[in-house]
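Let's take a friendly walk through this protein together. Have the 3D view ready and follow along.

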Amino acid sequence: MQANAFVGKKEKPTESELANALGTAKKLWSDAVKALAEVAPDQEWHSYSIKAGWALKLKMKERVIVYLSPRKGSFLASFALGDKAVKAALQSPLSEEELKLIKEAKKYAEGTAVRIEVHEARDVAVVKTIATIKAAN
């Protein structure tokens with residue numbers, strides 16, 4: 001898995017820096033942010049440390065639904081799914097590959113860590129499906 005595009009950066013990325021890092025994936029990023037606005041309308045750039053880089057937190061009020069982390073030419077969508085959301089996701093129309101990803105995801109105190117690498121439009125749809133499930137559960 002690629003490193004965050006903004007490791008070592010002290011300030012949140014500008015739109016220009018984001019576009020340069022994402023390259024052709026900038027349209028996918030924009031499509032994802034727009035699609036996710038229905039379930040997570042609040043946005044906030046966040047960095048846990050200079051070594052981790054920056055991620056866009058998409059939230060529903062104070063609840064974080066998904067983190068979008070820019071990579072070079074792609075981005076990563078990260079979820080912490082609670083037990084109810086995992087159960088709902090496993091009963092959803094996601095593909096066998098996506099369900100396997102959820103089943104095999106590592107479980108932490110904050111929830112099951114599901115990470116989706118976004119390289120194409122189909123991946124954006126998967127991210128939206130999981131975000132919708134999380135928001136409802």
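## The second largest pocket

Which residues line the second largest pocket? In this predicted model, the lining is made up of Ser 95, Glu 97, Glu 98, Leu 101, Arg 115, Ile 116, Glu 117, Glu 120, Arg 122, Asp 123 and Val 126. They divide into three nonpolar, one polar and seven charged residues.

Helix 4 (96–104), strand 6 and helix 5 (121–136) each supply at least two residues of this lining. The volume of the second largest pocket is about 210 Å³.

## The largest pocket

Now turn to the largest pocket, with a volume of about 290 Å³. It has 13 lining residues, and those nearest its centre are Tyr 67, Ser 78, Phe 79, Ala 80 and Arg 115. Here the lining divides into eight nonpolar, two polar and three charged residues.

Strand 3 (63–71), strand 4 (74–81) and strand 6 (111–118) each give at least two residues to the lining. Strand 3 contributes the most, with four.

## Aromatic rings that meet

The model has three aromatic pairs. In one of them, the ring centres of Trp 29 and Trp 45 are 5.9 Å apart and the planes lie at 10°, so this pair is stacked. Trp 29 sits in helix 2 (residues 26–36) and Trp 45 in strand 1 (residues 42–46), 16 residues apart. Both Trp 29 and Trp 45 are buried.

Trp 29 also pairs edge-to-face with Phe 75, at 5.2 Å centre to centre and 75° between the planes. Because Trp 29 lies in helix 2 and Phe 75 in strand 4, this pair ties together parts 46 residues apart in sequence. Phe 75 counts as buried, at 1% relative accessibility. Trp 29, Trp 45 and Phe 75 form one aromatic cluster.

How values were computed:
Residues are numbered from 1 along each chain as its sequence is written. This is a predicted model: local features need pLDDT of at least 70, side-chain atom pairs count only at pLDDT 80 or more; totals for chains, interfaces and linings use all residues. Side-chain values use heavy atoms; hydrogens and water are left out. On a 1 Å grid over the protein atoms alone, a cavity is a set of points where a 1.4 Å probe fits but cannot get out, and a pocket is an open set with protein on both sides within 12 Å along at least five of seven lines; lining residues have an atom within 4 Å of a point. Grid points are joined across faces, edges and corners, and a volume is the space filled by probe spheres set on the points. Ala, Val, Leu, Ile, Met, Phe, Trp, Tyr, Cys and Pro count as nonpolar, Asp, Glu, Lys and Arg as charged, and the others, Gly among them, as polar. Rings of Phe, Tyr and Trp (its six-membered ring) pair if their centres lie within 6.5 Å; planes under 30 degrees apart count as stacked, over 60 as edge-to-face and the rest as tilted. Buried means under 20% relative accessible area, exposed over 50%, partly exposed in between (1.4 Å probe, protein chains only).
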